Amino acid sequence: MKSSFLHAKEDHKKMICKTMLLLLPLLCYGIYKNGFLLYQRHSISLLEVFKPLWLVFLSFLINSLIKIVFVKKLEFDFSYLYVFLVSLFVMPNVNYFVFIFFLTAGLLLLHFLGKGLTINKVAFLHLLIALGMFLIDKYNYANVAELNNVYSLTLTDILSGRAVGGICTSSFLLGILLLALLSFGTIYKTNVFFIAYAFYCLFNFLFVFVFSWCDYMMFFSPTVVLGFILVGTICESSPYTFLGSSLYASFVGALTAILSLFLPYDGMFVAILLVSVATPLFDKIDRKKRKVL
């Protein structure tokens, strides 16, 4: 599997471990917001407090079993980072059976049919699980307290992490901190995030202040910000050239803004999945331009 977040050749295992370590604050915050706080309100059991951790464990177990049975080789590669990310972005009320079934089905589909394709694997797996929740009529990103309108959210709440979102991806500020840490290295596609977010904000400006189609809170969606930071920058499904990645990011940002009008929490994943299919085309445009010059 090609490397994620990489421009240069580095030790893949070391990069996976570094990135996973950076993701631990998100995991811990998910346990706090969608676990500990709900347990204090007697909304969930003590076992459910650690649901984000159980999901990560299950995703690693499923990925390992598929490798043992079908690949015949258990290797710690970037697929573990991908399923880790999927576990962080799922809805707080995700059903364990739905998570296991659709993650397994998605990984098998990618193993047998996904070779040579540039589709974003994290977005694909996430949307499959979301589809599963829709099929059992449990599609909702609000946790128990949010469903009961216990919280009255302000902009400060949303920035600090009390927004509705993925089980571990509801903190805008943690996303910005994560971006800063990832940007310290020369191997992270920083331009993808900034261009995607700029186009997202530009289109949202039109939707909010010109057409009044949505709320200004859309500018600060933690799901979108963290999705651009962690999912949109995956190298095997995004262009390698600067011009190609910039074009890719602009389409992702614009399409996310449009789709978020209808799918506030999954529009970004649909946009990334669709645009990732055209990744070879974006790189081809850059190469043609270089030849002309």
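In the protein chain, residues 24 or more positions apart supply 75% of the contacts (heavy atoms within 4.5 Å) that have a separation of 6 or more. The model is predicted, so that local features need pLDDT of at least 70 and side-chain atom pairs pLDDT 80 or more, whereas totals for chains, interfaces and linings use all residues. Residues are numbered from 1 along each chain as its sequence is written, and side-chain values use heavy atoms, with hydrogens and water left out.

The chain holds 14 helices and zero strands, where helices are DSSP runs of H or I with at least four residues and strands are runs of E with at least two. Of its 293 residues, 54% are buried, that is, under 20% relative accessible area with a 1.4 Å probe, protein chains only.

Leaving aside residues up to four places away in sequence, Leu 23 touches Leu 81, Phe 84, Leu 85, Leu 88, Leu 178 and Leu 230.

| Helix | Residues |
|---|---|
| α3 | 51-71 |
| α5 | 96-113 |

The axes of α3 and α5, lines fitted to C-alpha atoms over the stretch in contact, come within 10 Å and cross at roughly 35 degrees. Residues that meet there include Trp 54 and Leu 58 in α3 and Phe 99 and Leu 103 in α5.

Definitions and conventions: Buried < 20%, exposed > 50% of the residue type's maximum accessible area, 1.4 Å probe, protein only. Axes fitted to C-alpha atoms, helices over the stretch in contact; angles between N-to-C directions.
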